[in-house]
Amino acid sequence: MLRYQVRGENLEITQAIREYVENKVSKLEKYFSTELDANVYANAKVYKNGDKKIEITVPLKGVTLRAEEVNADLYAAVDLVVDKLERQIRKHKTRVNRKGREKGIPVETFVSTEPEIEEETLEFVKVKKVPANVMNKEEAILQMELIGHDFFVYLDEEANSVSVAYKRKDGGYGVLEVEK
(Lines give C-alpha, C1' and ligand atoms only; values in the text may rest on other atoms or scores of the structure.)
Protein backbone atom coordinates (compact mmCIF):
# COMPACT_ATOMS: atom_id res chain seq x y z
CA MET A 1 0.00 0.00 0.00
CA LEU A 2 1.30 3.41 -0.89
CA ARG A 3 0.77 6.27 1.53
CA TYR A 4 1.04 9.76 0.08
CA GLN A 5 2.33 12.98 1.57
CA VAL A 6 1.81 15.80 -0.91
CA ARG A 7 3.14 19.20 0.16
CA GLY A 8 3.23 22.54 -1.54
CA GLU A 9 5.61 25.46 -1.24
CA ASN A 10 4.11 28.77 -2.41
CA LEU A 11 1.28 26.59 -3.72
CA GLU A 12 -1.95 25.27 -2.21
CA ILE A 13 -2.35 21.55 -2.81
CA THR A 14 -5.92 21.09 -3.98
CA GLN A 15 -7.80 17.81 -3.91
CA ALA A 16 -7.45 17.64 -7.71
CA ILE A 17 -3.64 17.95 -7.54
CA ARG A 18 -3.46 15.38 -4.73
CA GLU A 19 -5.62 12.88 -6.64
CA TYR A 20 -3.64 13.43 -9.86
CA VAL A 21 -0.32 12.72 -8.12
CA GLU A 22 -1.73 9.64 -6.34
CA ASN A 23 -3.29 8.30 -9.55
CA LYS A 24 -0.10 8.74 -11.60
CA VAL A 25 2.31 7.34 -8.98
CA SER A 26 0.06 4.37 -8.21
CA LYS A 27 0.71 3.14 -11.78
CA LEU A 28 4.28 2.31 -10.69
CA GLU A 29 2.94 -0.47 -8.44
CA LYS A 30 2.80 -2.81 -11.46
CA TYR A 31 6.61 -3.01 -11.34
CA PHE A 32 6.72 -4.50 -7.85
CA SER A 33 6.32 -8.19 -7.17
CA THR A 34 5.19 -8.01 -3.55
CA GLU A 35 2.53 -5.97 -1.84
CA LEU A 36 4.19 -2.57 -1.88
CA ASP A 37 4.28 -0.86 1.51
CA ALA A 38 5.89 2.55 1.19
CA ASN A 39 5.50 6.27 1.70
CA VAL A 40 5.47 8.56 -1.31
CA TYR A 41 6.71 12.09 -0.68
CA ALA A 42 5.65 14.61 -3.30
CA ASN A 43 6.77 18.23 -2.96
CA ALA A 44 5.43 20.87 -5.31
CA LYS A 45 6.94 24.33 -5.52
CA VAL A 46 6.20 27.46 -7.52
CA TYR A 47 9.12 29.69 -8.51
CA LYS A 48 8.93 33.46 -8.91
CA ASN A 49 8.95 33.13 -12.71
CA GLY A 50 5.81 30.94 -12.54
CA ASP A 51 7.48 27.61 -13.23
CA LYS A 52 6.32 24.70 -11.11
CA LYS A 53 8.62 22.02 -9.73
CA ILE A 54 7.51 18.60 -8.56
CA GLU A 55 9.83 16.26 -6.70
CA ILE A 56 8.74 12.72 -5.86
CA THR A 57 10.67 10.41 -3.54
CA VAL A 58 9.74 6.81 -2.78
CA PRO A 59 12.05 5.29 -0.17
CA LEU A 60 11.92 1.51 -0.36
CA LYS A 61 13.90 -1.14 1.46
CA GLY A 62 17.29 -1.20 -0.26
CA VAL A 63 16.57 1.47 -2.89
CA THR A 64 15.20 5.00 -3.08
CA LEU A 65 13.37 6.17 -6.18
CA ARG A 66 13.60 9.93 -6.72
CA ALA A 67 12.96 12.31 -9.58
CA GLU A 68 12.15 15.98 -10.08
CA GLU A 69 10.95 18.09 -12.95
CA VAL A 70 10.30 21.78 -13.62
CA ASN A 71 7.57 22.83 -16.04
CA ALA A 72 5.15 25.71 -16.53
CA ASP A 73 2.27 23.22 -16.03
CA LEU A 74 2.26 21.28 -12.76
CA TYR A 75 0.27 18.39 -14.24
CA ALA A 76 2.76 18.05 -17.11
CA ALA A 77 5.60 18.09 -14.56
CA VAL A 78 3.93 15.23 -12.63
CA ASP A 79 3.64 13.21 -15.86
CA LEU A 80 7.32 13.79 -16.65
CA VAL A 81 8.43 12.83 -13.12
CA VAL A 82 6.45 9.60 -13.19
CA ASP A 83 7.98 8.80 -16.59
CA LYS A 84 11.45 9.37 -15.10
CA LEU A 85 10.67 7.09 -12.16
CA GLU A 86 9.39 4.42 -14.53
CA ARG A 87 12.59 4.62 -16.61
CA GLN A 88 14.66 4.34 -13.41
CA ILE A 89 12.78 1.22 -12.38
CA ARG A 90 13.13 -0.43 -15.80
CA LYS A 91 16.79 0.50 -16.13
CA HIS A 92 17.85 -0.63 -12.67
CA LYS A 93 15.48 -3.55 -12.12
CA THR A 94 18.10 -6.24 -12.73
CA ARG A 95 20.82 -4.47 -10.78
CA VAL A 96 18.55 -3.75 -7.81
CA ASN A 97 17.30 -7.33 -7.64
CA ARG A 98 20.87 -8.69 -7.75
CA LYS A 99 22.08 -6.31 -5.07
CA GLY A 100 18.99 -7.13 -3.01
CA ARG A 101 19.84 -10.80 -3.02
CA GLU A 102 23.39 -9.95 -1.90
CA LYS A 103 22.12 -7.79 0.98
CA GLY A 104 19.44 -10.26 2.05
CA ILE A 105 16.51 -8.18 0.83
CA PRO A 106 13.64 -10.33 -0.49
CA VAL A 107 14.47 -11.55 -3.97
CA GLU A 108 12.72 -9.93 -6.90
CA THR A 109 11.79 -6.56 -5.47
CA PHE A 110 10.76 -5.62 -9.00
CA VAL A 111 8.81 -7.88 -11.33
CA SER A 112 9.77 -8.49 -14.92
CA THR A 113 7.36 -6.71 -17.21
CA GLU A 114 9.55 -7.15 -20.27
CA PRO A 115 12.43 -9.43 -21.26
CA GLU A 116 15.61 -9.13 -19.23
CA ILE A 117 18.00 -6.61 -20.72
CA GLU A 118 21.68 -7.32 -20.43
CA GLU A 119 22.94 -5.21 -17.56
CA GLU A 120 25.19 -2.41 -18.71
CA THR A 121 28.59 -2.17 -17.11
CA LEU A 122 29.80 1.10 -15.73
CA GLU A 123 32.95 2.27 -17.44
CA PHE A 124 35.18 4.57 -15.44
CA VAL A 125 36.97 6.84 -17.88
CA LYS A 126 39.13 8.58 -15.32
CA VAL A 127 40.02 8.28 -11.67
CA LYS A 128 41.50 11.39 -10.14
CA LYS A 129 43.06 11.81 -6.72
CA VAL A 130 42.49 15.18 -5.06
CA PRO A 131 44.00 16.58 -1.90
CA ALA A 132 41.43 17.23 0.82
CA ASN A 133 42.59 20.57 2.20
CA VAL A 134 41.29 21.72 5.58
CA MET A 135 38.93 24.70 5.20
CA ASN A 136 35.46 25.95 6.07
CA LYS A 137 32.37 25.92 3.82
CA GLU A 138 32.83 29.48 2.59
CA GLU A 139 36.47 28.87 1.58
CA ALA A 140 35.43 25.67 -0.24
CA ILE A 141 32.75 27.51 -2.24
CA LEU A 142 35.25 30.25 -3.10
CA GLN A 143 37.76 27.62 -4.31
CA MET A 144 35.04 25.88 -6.33
CA GLU A 145 34.13 29.14 -8.06
CA LEU A 146 37.80 29.97 -8.70
CA ILE A 147 38.41 26.70 -10.55
CA GLY A 148 35.05 26.85 -12.35
CA HIS A 149 33.68 23.49 -11.19
CA ASP A 150 30.19 22.52 -10.00
CA PHE A 151 31.55 20.80 -6.88
CA PHE A 152 34.59 20.85 -4.61
CA VAL A 153 35.91 18.19 -2.19
CA TYR A 154 37.52 19.41 1.04
CA LEU A 155 38.17 18.49 4.67
CA ASP A 156 35.71 20.50 6.78
CA GLU A 157 37.51 22.09 9.72
CA GLU A 158 34.36 22.08 11.91
CA ALA A 159 33.14 18.54 11.19
CA ASN A 160 36.68 17.16 10.76
CA SER A 161 35.48 14.99 7.88
CA VAL A 162 35.46 14.99 4.11
CA SER A 163 32.70 17.19 2.66
CA VAL A 164 31.60 18.23 -0.82
CA ALA A 165 30.45 21.75 -1.68
CA TYR A 166 28.29 21.95 -4.79
CA LYS A 167 26.38 24.47 -6.89
CA ARG A 168 22.63 23.85 -6.96
CA LYS A 169 20.42 24.17 -10.04
CA ASP A 170 18.59 27.08 -8.40
CA GLY A 171 21.88 29.03 -8.18
CA GLY A 172 22.46 28.46 -4.47
CA TYR A 173 25.09 26.27 -2.86
CA GLY A 174 24.92 23.06 -0.90
CA VAL A 175 27.29 20.96 1.17
CA LEU A 176 27.32 17.18 1.52
CA GLU A 177 28.70 16.08 4.87
CA VAL A 178 29.58 12.52 5.81
CA GLU A 179 27.27 11.16 8.51
CA LYS A 180 29.11 9.03 11.01
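Among contacts between residues at least 6 apart in sequence, what percentage join residues at least 24 apart? It's 35%, for the protein as shown, with contact meaning heavy atoms within 4.5 Å.

Before you click: this is a predicted model, where local features need pLDDT of at least 70, side-chain atom pairs count only at pLDDT 80 or more, and totals for chains, interfaces and linings use all residues. Residues are numbered from 1 along each chain as its sequence is written, and side-chain values use heavy atoms, with hydrogens and water left out.

Start with a cartoon view. You'll find three helices and eight strands, as DSSP runs numbered from the N terminus (helices: H or I, at least four residues; strands: E, at least two).

Next, select Val25, Ile54 and Ile56. In the largest nonpolar core, which has 28 residues, these touch the most other members. Such a core is a set of buried Ala, Val, Leu, Ile, Met, Phe, Trp, Tyr and Cys residues joined through side-chain atoms within 4.5 Å; buried is under 20% relative accessible area, exposed over 50%, partly exposed in between (1.4 Å probe, protein chains only). Colour H2 (74–103) too, one of the elements supplying at least two core residues: H2 gives the most, seven.

Now jump to the second, separate core of seven residues, including Met135 and Phe152.

Last stop: Gln5, in strand E1. Gln5 is partly exposed, at 41% relative accessible area.
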